[in-house]
Amino acid sequence: MSTNDHSASILVVDDTPANLGFLIETLSQAGYRVRVATDGESALEQARYATPSLVLMDAMMPGIDGFETTRRMRGHATLASVPVIFMTALSESADKVRAFAAGANDYVTKPFQHEEVLARVQTHIARRALERELERANAELESRVAARTRELEEALAQVEALKVRLQQENQYLKREISETRSDAIIGRSAGLQHALAQVALVAPTDATVLIRGETGTGKELVARVLHEKSERRDGALVKLNCSAISAGLVESELFGHVKGAFTGAHDRRVGRFELAHNGTLFLDEVSELPLDTQAKLLRVLQEREFEPVGSSKTQKVNVRVIAASNRDLAADSRSGRFRADLYYRLNVFPIDLPSLRERRDDIPLLASYFLQRASRKLGKRIDGIESRSMERLAAHSWPGNIRDLQNVIERAAILADGNELVVNWDLGPASSNSAAVVNSARAAVPVASPVAGPDTATPPGDGGSLALQALERRHIVEVLKKTRGVIEGPRGAAQLLRLKPSTARFRIRKLGILRSEYLSN
């Protein structure tokens, strides 16, 4: 920094013309701009109008003296930091202390020494310039610290959000692992093999898949195979049963919500789409989504982005969607029950799963597989299935498909008290081609020999059970007639039956109730 700052201005306050002349000449030659005031009032007025770089202040003047003038300058915001050098002929220490108490930075004594005046002026101007530079540096540092603090706070918020997401994903995956599920698709029938060939073709791609089939045909298992054979196998497979979530909560389940989004939203919730980022989302029973949610799902499929409930911040997502339905979505789209544009988005690659009655040759294989699992689960040794029981299994129409067969085998395993499985209750009407199925069953799987005796007869209580089922069926049909087929909602059949909507739908399918029975043309 130059010792003579040509931009510096000095205000000289003195009522003696000789002193003024000396100082004006000395400071001007040194390159400073000099202004003059002959009393305290004039000095304050000039200083307020244009702040000087330094003030040379005479101690004794008419009116207000230099001490009071300095005190008033220090009380003014823009003048508080301006250096003040006192000029006085007084040499008493008490007056010097008084000058410093008033706010002076330094002093020179009269008569003036040329070198002393310039040295003190240059020192204080340079010091003030350094102070201003330090203030600027501090302000810049504080600004940078504040900006960095904001960045760190944002990063911390992202870390917290990621922590919440990982915790919820961990909980979800633990639930997934704890669920009992099949690890293989059992069967050799032509219909199943065709479906598996389709799975092998589409699995390595990122195409949206629509799995169509009746309840219990293994749609979730096929979705799992699609995920495990895809490039997303290292990501999560996240499931959502759309029929098991109430209409008011389905959007929160899909897209998540922010804290305070609605009553009861005490914390941020990560939705299934965010959980499935870089993985696969399986939407089971997608036909049960409300129409307004269908529109939002369509947007995610098209734009790959969504907003959590209660938030205006858009989130990008990279998810493969696999949907499944036991309904005819093409017919539903024509009737207006399901959005046609969403149907076309989901129906990129349809896979049709055959019902169990369409793959009867697989019944013995499936029955043996479920028997092995049930035996391990129950800790029983059951070597095979009694021959007449196998005939009964092979002849049944299985409206609940594979899940229905699995439940029957597990029930029989629980009841078994020997080394063979016996199914000795009425399963329902036999199929039209039961003879061919029975022969296939006998040839495909070893079965235990029939056991004669009372255990092979139909249990006496089953007649009453069938009568109760008939009563339940009639009652549900009457309720569906009253609600015109509506199942959910305050006036839906589920509410009147005091059942969950998903349970009501299961009972309707289980009892084989057709739409034509409760809806007129």
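**Strand arrangement in the predicted model**

In the predicted model, an open sheet of five strands is ordered β7-β8-β11-β6-β12 with parallel pairing, where strands (E, at least two residues) and helices (H or I, at least four) are DSSP runs numbered from the N terminus and two strands pair if DSSP finds at least two bridges between them. Because β7 (237-241) and β12 (349-352) stand at the edges with a single partner strand each, one side of each is left without a neighbour in the sheet. The twist from one strand to the next averages 20°, with axes fitted to C-alpha atoms, for helices over the stretch in contact, and angles taken from 0 to 180 degrees between N-to-C directions.

Within this sheet, β6 (residues 209-212) and β11 (residues 320-325) are joined in the parallel sense by four bridges, and Ile211 has Ala324 as its bridge partner in β11. Helix α6 (residues 190-202) lies across β6, β11 and β12 and runs at about 155° to β12, contact meaning heavy atoms within 4.5 Å.

Strand β1 (residues 9-13) pairs in parallel with β2 (residues 33-37) over five bridges and with β3 (residues 54-58) over four; Val13 stands opposite Ala37 in β2 and has Met57 as its bridge partner in β3. On β1, Ser9, Leu11 and Val13 on one side and Ile10 and Val12 on the other are all buried, that is, under 20% relative accessible area (1.4 Å probe, protein chains only).

Residues are numbered from 1 along each chain as its sequence is written. Local features need pLDDT of at least 70, side-chain atom pairs count only at pLDDT 80 or more, and totals for chains, interfaces and linings use all residues, while side-chain values use heavy atoms, without hydrogens and water.

How values were computed:
Buried means under 20% relative accessible area, exposed over 50%, partly exposed in between (1.4 Å probe, protein chains only).
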